[in-house]
Amino acid sequence: MKIIVCLKQVPETNNVKIDPVTHNLQRNGISGVINSFDVNAIEAALELKDRYGAEVVALTMGPPDYEKTLRLAMAMGANEGVLLSSRGFAGADTLATATVLAAAVNKIGGADLILFGRQAVDADTGQVGPLVAEKLDLPQYTYVSKLNLSSDGQIDAVRMLDGGTVRVNGDLPAVATVRSELNEPRYATPRNIKLSFKKDIVVYDEKDLDLDDSEIGQAGSPTIVTKVYTPTATPKVTETLEGSAKEAAQNLLTKLSEKSIL
Amino acid sequence: MSEIWIYVENHFNRVDPSSLQLITKAKEIANGRQVTAVILEDHDQDFENTVKQYGPNQILLVKNDNLKNASDETITNVLVDLAQEQKPDTILFGATVTGRSLAPRIQGRLKTGLTADCLDLRFDDDLLVATKPSYGDNIMCEITCPKNKPQMATVRPNTFEAVVDGSSEPKINEVEVTVDVDPRVTVSDEQGSVSNTRSIGTAKRIIALGRGAQSESIIKKANELAGKIGAIVAVSRPLTDLPEFSHEQQIGQSGNTVAPDLIINLGISGAVQYVVGIQNAKTVVSVNTDPKAPIFDVSQYKYVGDAEAFLDGLIENV
């Protein structure tokens, strides 16, 4: 059994600011960390490794320093790491990102299961998992809170809906995106951390993946960002409730009752 | 005529509110475009009766028993066939679990752009301009898809209000299509859960607790008041670490936007993403010990002082 886990590195904090002059995001000096939901995807893969001896490949697309996210996956127990890195990949939207990831999955020789975290905490799209499934013509099991694979090539999962759950099952190979409710990720062990630095990371660019320049990066991205800004709330006319807490509470109840709000 | 399609999602035999909200919003921005609600259902279902009350120009209806418990793959097959034949200008989905799973699959097959979890939509001439939050709602981006069609977006539930509109009877266009069922996947019946996510999104009254109101006694009293006034207790980010709460009760990040008639914020300072999450609340009351707390700027009523004493006052007098 072979499992590929797709990972994203995200800024350590969401507290990013916009440069007032250039209107670009000021991301300098903010270091990158693994997207938290992706850690649940690694754990899901490692549980299948523990159970079936599955081979686990960690895969990410980004600049060379994304290596540290792959090292973390290997320190947790992934067998190998593959980095998709090229200037040509820069500026990719979800479609262009999925094109590169799907090509990389094929280059690696495919897998029984391709795992993603449910979404990245920076852009919050959750689109790349289903897009990769579509590009590889595989069934998708998204937002799963339970996931079982059987040795005869079946997948059985529970998708968490907004107000309930639904069981989905079928044949492997498949793509799954996992929710944090699925598992409690393990910590890296000192032995695995040490081992992770002895392993080589394979790096592929668009030539290795046989991709055309028009399919990748900005050129392969149908969407463009036309404006970036910090949201401002519409201020409201504010009435101050005076007096003691008790008086203020009484005063509020009277006002809400007069307006039939309560 | 150029058309805006809205995919009508259903769960537990009901139309998802996000789809109705999108019909109202699409009509508001349509500017001559036709608003079409796309319904896929089996022969026992009649979602068109609900949908038509919200006044889309047209309902594109596919009735086929293979659509009962259809998988993402099967729904994609049907919607892609319809879209390739009828060439809508724009397709919108609720940014629900289902919408966020289907839309990218369809996007991939139609080789076009998709903007996720939008908080606003408008047309600049022919271009759909979708406003999308990033970095936990700290940053807003306007995104367009200038060269590919259809233009696609998923829109965060409860961002817009669904308004009944009986001014004209929508044309119902029932089409016969082959439903190409993906044999690789089996979907069982949906099971309702005690999850509070939906109830926060649709709650009419909310008591929200933040960092300044996380003691056990405040949580207990907040629940007591909630019981008395029919409210739901929600929290801001810091309190999701407490065992009583999870991200399901969290306002202001990754999808939980609320739109209650009344929200009482206790000990919440008002970080940007929280303020975005409550921007559709009608009446906002906030209590905080810090007179400069940003939450006060977006509140109709404020009290500077102790949240627990204020809660006591409410419980005693309500």
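Helices here are DSSP runs of H or I with at least four residues, strands are runs of E with at least two, and both are numbered from the N terminus. Axes are lines fitted to C-alpha atoms, for helices over the stretch in contact, and angles run from 0 to 180 degrees between N-to-C directions.

The model is predicted: local features need pLDDT of at least 70 and side-chain atom pairs count only at pLDDT 80 or more, while totals for chains, interfaces and linings use all residues. Residues are numbered from 1 along each chain as its sequence is written, and chains are lettered from A and ligands numbered from 1 in the order in which they are written.

### Two helix pairs

Chain B holds a pair of its own, α3 (residues 72-86) and α4 (residues 97-110), with axes that come within 9 Å. α3(B) and α4(B) are likewise oblique. In this pair, B:Ile75, B:Leu79 and B:Ala83 are among the α3(B) residues that meet α4(B), where the partners include B:Leu102 and B:Ile106.

| Helix pair | Crossing angle | Axis distance | Handedness |
|---|---|---|---|
| α3(B) and α4(B) | roughly 50° | within 9 Å | right-handed |

Ten strands form an open sheet of mixed pairing, in the order β13(A)-β7(A)-β6(A)-β1(A)-β8(A)-β12(A)-β9(A)-β10(A)-β11(A)-β13(B). Two strands pair if DSSP finds at least two bridges between them. β13 (201-204) of chain A and β13 (185-192) of chain B stand at the edges with a single partner strand each, so one side of each has no neighbour in the sheet. From one strand to the next, the twist averages 25°.

Within the sheet, β9 (residues 140-150) and β12 (residues 174-178) of chain A pair in the parallel sense over three bridges, and A:Tyr141 has A:Ala176 as its bridge partner in β12(A). α3(A) packs on the sheet, where it touches β1, β6, β7, β8 and β13 of chain A, and its direction makes about 150° with that of β6(A).

### Nonpolar cores

The largest nonpolar core has 73 residues, of which A:Val5, A:Val100, A:Leu101 and A:Leu115 touch the most other members. Such a core is a set of buried Ala, Val, Leu, Ile, Met, Phe, Trp, Tyr and Cys residues joined through C-beta atoms within 7 Å. A residue is buried if 20 or more other C-beta atoms lie within 10 Å of its own, exposed if 12 or fewer, and partly exposed in between, with C-beta atoms placed from the backbone.

Beyond its neighbours within four places in sequence, A:Val100 is in contact with A:Met61, A:Leu84, A:Phe89, A:Leu209, A:Leu211 and A:Ile216, contact being a separation of C-beta atoms, placed from the backbone, within 7 Å. A second, separate core of 50 residues includes B:Ile23, B:Val62, B:Phe93 and B:Ile139.

Seven of the ten residues of α2(A) are buried, so the helix is largely enclosed by the rest of the structure; A:Leu70, A:Arg71 and A:Met74 are among the buried ones. A:Gly77, with a positive phi near 140°, follows α2(A). In the loop between β6 and α2 of chain A lies A:Pro64, which is exposed, with 10 other C-beta atoms within 10 Å.

In chain B, strand β4 (residues 34-41) is mostly covered, with seven of its eight residues buried. β4(B) pairs in the parallel sense with β1 (residues 3-7) over five bridges and with β5 (residues 58-63) over six bridges. B:Ala37 of β4(B) stands opposite B:Ile6 and has B:Ile59 as its bridge partner in β5(B).

Key:
Two residues are in contact if their C-beta atoms, placed from the backbone, lie within 7 Å. Angles under 35 degrees count as roughly parallel, over 145 as roughly antiparallel, 65 to 115 as roughly perpendicular and the rest as oblique. A crossing is left-handed if the near helix is turned anticlockwise from the far one by less than a right angle, and right-handed if clockwise.
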